[in-house]
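Student: I would like to learn how to read a protein model, one feature at a time. May we work through an example together?

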Amino acid sequence: MTEDAQPTLLEAPTATPATGLVVHRCSRADRLAEGLAEVLARPLPDPFATEIVCVPAPGVERWLSQTLSMQLGASAGQHDGVCAGIDFARFDPLLERVVGQALGIDPADDPWRGDRTVWALLRAAEAGRGEPWFAGLRVSFGEQARHRFQTARRVVRLFRSYAVQRPELVNAWTAGANTGPGGAPLEPFSVWQPELWRRWCAEVGAPHPAQRVALAADRLAAAPELAELPERLSVFGPTRLNPAQRTLLRALALHREVHLFLPHPSPALWRELAADPTAPGPRASDPTADLPGSRLLARLGRDTRELQTTLSPLDFRDDPRPEPGRPDTLLGRLQRSVVDNLDPATEPSLRRTLAADDRSVHFHSCHGPDRQVEVLREVVLGLLADDPTLEPRDIIVMCPDIETFAPLIQATFGLDGVESDQPHPGQQLRVRLADRALRQVNPLLGTLSRLLELPVGRSGASTLLDLCADPAVRRRFSFTDSDLERLHDLVPAAGVRWGLDAEHRRPFKMHLFPHNTWQTGLRRMLLGVALSEDGQPYRDTVSPLDDIDSSDVDLVGRLVEFWSRLVRVVDSFTDPKPLAEWLTACRDALTELTEVPPGERWQMAHAWTEFARLAEDTGPPESAGDTVATGDTVLTPAEVRGMLADAFAGRPSRANFRTGALTLCTMTPMRTVPHRVVCLLGLDDGVFPRRTHPDGDDLLAGEPWVGDRDPRSEDRQVLLDAVLSATERLLVVHSGASPQTGEPRPLSVPLTELRDALTELLSDPADAHRLVSRHSLQPFASSNFTLPGPFSFDASMRAAALASATAGTSEPTVPEVGELPDLPELSGDHVEVPLADLQAFFAHPARAFLRRRAGLSSLTEDAAALDEIPLALDGLQQWQIGERMLRAHLAGAPMDALRMPEVLRGGLPPFELGNRALDSLAEQVVAIARVARQHLVGPAESRWVDVDLGRWRLTGLVPGVHGGQAVEVNFSAVKGRHRLRAWLTLLALKCSHPETDWRSTVVGRRGHSISLGPISESDARARLNELLILHAQGLRRWLPAPPNTAAAHVESTLRGGSPEGVNRSWEFEHDNAWGFFVGSQLAELRAVPSTPEDRTRLRSRFEAIAFRVWEPLLAAEVSR
């Protein structure tokens, strides 16, 4: 690696162009861009030749072209140049093109292009069935394998990585050896890899990638004109060079100028490594690992250090660019410690007191992702307000997980188009999101992804209604806003729940039950166009929907057309088929179901282009015709979904970079591009560095070498590059506390290293706390608006903070709900009340009042989705499993036959924990069933009740009647609502069928049972009339009658129970529905005053109603 070994680069075109490899390096990309401009300013010998500059990402291309345009051809002291005649290419595709040119291979006929060789590997695996080495592939490629294409694609990518990283390994395999990366024989479980490699290469019928690179390098060395490249090639910003890339660069540099512009963080470390160069070897024994003195270089900079090591075998001329000056701030000192490879412990000049006005580095600790974005918005606005020279283009926000944060950014910065009464100033900023997934950039691809999920989903009513609201779908079928609102009424009214039709329920084993499908619901709508429900007519198994108006006829027709086309699309997505047929089905689906306005036609063209690209990269070579087709191998729906998910994943583009707006992007594209302010968003523990799942078949993972790719190391290097690219401010916004519990969350390891490196630069470590701002959970917290420096610019949140501050500290008051008039269905002289409504009312009077009078159908929190395997079952999980087992056991299933289904459902804790939980549940089920069978005598039947009490008429169906006894069996403990339900059942049966001495029994947890009755007909009518009166009162004014608490109160009064039991009952029973009317203290419930209609001398309405309901019940109750 000597300068004398390379020819001198000439300043002007000559007959003999300069050749050789030149490495330009600097810690900042702007200085590298200056060096590139100097190189490009020297014209090529051919004035018509186009310069080629390889860039790592489209964002760098946009920035580099803008930077070069201010230097190339510019007047002295001016920035009026132009960037033209330059082809910005990607490095790997360029090298692939060069290899093809050297070997005379047309890209359309290249058998190794993209995923074309997946089919060859599938054929090779198929041919190896039955041979000894195939045993290791039986699960993945055997007859029962379900995802053969996905597995084959994974193996192909694994083999390609071997060819790129360890060409000597695959060359040995090709020669017949079964050795590993170190030359030792492979373990028996890995022998399938060299065997499959040889068969795969034979099936492809062309030199494998490692051979191609070596052959192309030899030909380029002998005949450089084979490569259609200019006399100069520039490669800007590579962070890793694998053996194949180095081989081709060496060959190209023999007859051309090849310039590498490397973003290296430390020229001092480079000099130390260059003084004693080492060849690449195993990473575990890398002698250069101990050379970095800077903490950040040692912990975050492994990739650039290994890049220099992998370059050492090459002959190149070193051309370091001058380092830029660093500000005299904490950020500047941190950058100097990295650039000069200094340890503050041994360099006292770096350690200083943190200046009062030094805000060059700051951490913002938040509660979760949504609060991070809100804080980011306020921080950016504050920076722009404090510095009039700062513009949005000077700020870049980098985030490792742009798809998670993109919806939050769109909502917070007003990119979603939703207008607000009090818009935030941050919503006036120009903000651009980059690196989005294609399905987000092109809505049609997102629609296609949703359609592909339908065959494996249930096609629920809400899913398809949401699909109808998709802009492209609603335009195709002319669904207006009022149409969608009407559909939300008609679809539930028609009984649609899930399933396109009965056949689509077959995977769920529900195909024999055609009701509640879309097909049945649409038939009801269509029949309702011609018939009403008068006389209860029906056709076949369909009854008309009476809610169809004449204005709905056209809407129903369009809905039926949508459904019929959707069924065809889903059917086309259900069966396995070749790739070409899948892509045709995708095109047909978008054509059938979507339509875009004229100004958005690019979406359709872009989708067709993506399909064509996928066909080219995955299909057979054009020259192969039908002779090397994809064979009989077909793709399953799951494999196609996985393939399209990869194809539509986030892909860097240049569209939203450097537009003059505030740019939010992933970490990689702009990592080395300098900005005045660099904001790092979402670098949370568990997210950054990214989690990786090593491939168990990867032979290189056991002993990685210097230069091997490591995604977690890449993320650390990206953070280091981002720190060095900030010229004035570095801001880190992260999660520091749980948004649910407020519990502190640890920093990610790279951020901890950054914080520690900053602390080492402070002469007083106590100043480190000034580097962190811990933000409140809510944006309306008063701390966000406290002088002298209010943090938030949100006027609406300021108003909320003022309202909260002036509200005082008293307990929140409960809204007073006066007496309301009777509901229409409960007014009049003769009112019919369903027995089920009466039972539901007394089970929870507060919820029934809110549902009937305010339309609030649910005031309970949704159960959180369980993403982790439980170590113990909570109460709800125990009830769900126990109730299933109890029903099945009572139906005759033995307990032994019920255990395995519960295990296979995946709701139990693992291993012995699950066995213990299941044992406990089984014991309880047996105990309940033993008691229940004493009452379940004779066949079960349902009895209709119809009770006329004058003003009230009670009707309903009573199930579970065995002889003269109604029996209800539950896995849950017998509570107040169960006892009231049994009491109402007894009263209704006795009043409707007085000739029988009825009993009503409820059996619950631990075999506890309660029986009621017998009771006289006169008593039953009186008690039932009293409860119907309370029901009517409770729907005019909320009824303070929580069943468990009321029962406990009456029992403690009549039977001498403990008052503490009443308190405990109210603590467990109080929920947000009761909280709408009364506080959580029992004294507040008892303080509700009685009314004249309560007919009592008691001051407490709760106590009066409790005795009216429960005293006669307890008198008729027998507990066992």
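Tutor: We shall go from the overall composition to sheets, helices and salt bridges. Please keep in mind that this is a predicted model.

Student: How many helices and strands does the protein have?

Tutor: The secondary structure consists of 41 helices and 20 strands. The protein has 1120 residues, and buried residues make up 50% of them. Its accessible surface is about 51,400 Å², with 52% belonging to carbon and sulfur atoms. Among contacts with a separation of 6 or more, 75% are between residues 24 or more positions apart.

Student: How should I read a sheet, and in what order do the strands of the open sheet lie?

Tutor: In general, the strands of a sheet pair through backbone hydrogen bonds, and the pairing is either parallel or antiparallel. Here, seven strands form an open sheet with parallel pairing, in the order β9-β10-β8-β11-β12-β7-β13. At its edges are β9 (431-433) and β13 (772-774), each of which pairs on one side only. On average, and with direction ignored, neighbouring strands of this sheet are turned by 20° against each other.

Student: Which strands does α27 lie across?

Tutor: Helix α27 lies across β8 (395-398), β11 and β12 (726-737), and it runs at about 135° to β12. Helix α28 (residues 749-760) also packs on the sheet, where it touches β7 (361-367), β12 and β13. The direction of α28 makes about 140° with that of β7.

Student: Which strands pair with β5?

Tutor: Strand β1 pairs with β5 in the parallel sense over seven bridges, and Gly20 has Glu257 as its bridge partner in β5. Strand β4 (residues 232-236) also runs parallel to β5, joined by five bridges. Ser234 stands opposite His259 in β5.

Student: What covers the buried residues of helix α11?

Tutor: The buried residues in α11 (residues 267-275) are Pro267, Ala268, Leu269, Trp270 and Leu273. Their cover includes β1 (20-26), β5 (257-263), α12 (295-300), α13, β6 (317-320) and α14 (330-339).

Student: Let us turn to salt bridges. How many are found in the whole structure?

Tutor: A search finds 62 salt bridges. One of them joins the side chains of Asp708 and Arg166, at 2.9 Å from N to O. This pair links distant parts of the chain, 542 residues apart: Asp708 is in the loop between β11 (675-681) and α27 (711-725), and Arg166 is in the loop between α6 (148-165) and α7 (167-174). Asp708 is buried, with a relative accessible area of 7%, and Arg166 is buried at 3%.

Student: Where do Glu306 and Arg302 lie?

Tutor: An α-helix has 3.6 residues a turn, so residues three or four places apart point the same way. Glu306 and Arg302 both lie in helix α13 (residues 302-311), four residues apart, about one turn of the helix. Their side chains meet in a salt bridge of 3.8 Å, N to O.

Student: Are these two residues buried or partly exposed?

Tutor: Glu306 is buried, at 3% relative accessibility, whereas Arg302 is partly exposed, at 22%.

Conventions: Residues are numbered from 1 along each chain as its sequence is written. This is a predicted model: local features need pLDDT of at least 70, side-chain atom pairs count only at pLDDT 80 or more; totals for chains, interfaces and linings use all residues. Side-chain values use heavy atoms; hydrogens and water are left out. A salt bridge is a side-chain nitrogen of Lys or Arg within 4 Å of a carboxyl oxygen of Asp or Glu. Helices (H or I, at least four residues) and strands (E, at least two) are DSSP runs, numbered from the N terminus. Buried means under 20% relative accessible area, exposed over 50%, partly exposed in between (1.4 Å probe, protein chains only). Contact means heavy atoms within 4.5 Å. Accessible areas come from the Shrake-Rupley method with a 1.4 Å probe; for residues, only the protein chains shown count as cover. Two strands pair if DSSP finds at least two bridges between them. Axes are lines fitted to C-alpha atoms, for helices over the stretch in contact, and angles run from 0 to 180 degrees between N-to-C directions.
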